[in-house]
Amino acid sequence: MSVESVPGGGTQLKWFKSSYSSSEVDSDCVEIAAAPDTVHIRDSKDKEGAQLAFPKGPWADFVAYAAKG
């Protein structure tokens, strides 16, 4: 898990990968960080790159849907 600043916000996020993710250096993975109202997602290989942010409700709906598959 890593803690980093949110661009323009100064709030600290605690990033983590799934325990199912490979620990290899160049493995494909996303990292997730939860904030009070949003869930942030980024590419684990490009930590300075683009991030997505979703409201918690739609994110929970997505996770529930993905878990069915």
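1. Two aromatic pairs are counted in this structure, where rings of Phe, Tyr and Trp (its six-membered ring) pair if their centres lie within 6.5 Å, and where planes under 30 degrees apart count as stacked, over 60 as edge-to-face and the rest as tilted. The rings of Phe54 and Trp59 have centres 6.1 Å apart and planes at 25 degrees, so this pair is stacked. The rings of Trp59 and Phe62, with centres 5.3 Å apart and planes at 40 degrees, are therefore a tilted pair.

2. The model is predicted, so that local features need pLDDT of at least 70 and side-chain atom pairs count only at pLDDT 80 or more, while totals for chains, interfaces and linings use all residues. Residues are numbered from 1 along each chain as its sequence is written, and side-chain values use heavy atoms, with hydrogens and water left out.

3. Phe54, Trp59 and Phe62 form one aromatic cluster. Trp59 and Phe62 both belong to helix H1 (residues 56-68), where they are three residues apart, about one turn of the helix; helices (H or I, at least four residues) and strands (E, at least two) are DSSP runs, numbered from the N terminus.

4. Phe54 counts as partly exposed because its relative accessibility is 33%, and Phe62 is partly exposed at 46%; buried means under 20% relative accessible area, exposed over 50%, and partly exposed in between (1.4 Å probe, protein chains only).

5. Strand E3 (residues 30-34) and strand E4 (residues 38-43) run antiparallel and are joined by five bridges, strands being paired if DSSP finds at least two bridges between them. The two strands form a hairpin with three residues between them, and Val30 has Asp43 in E4 as its bridge partner.
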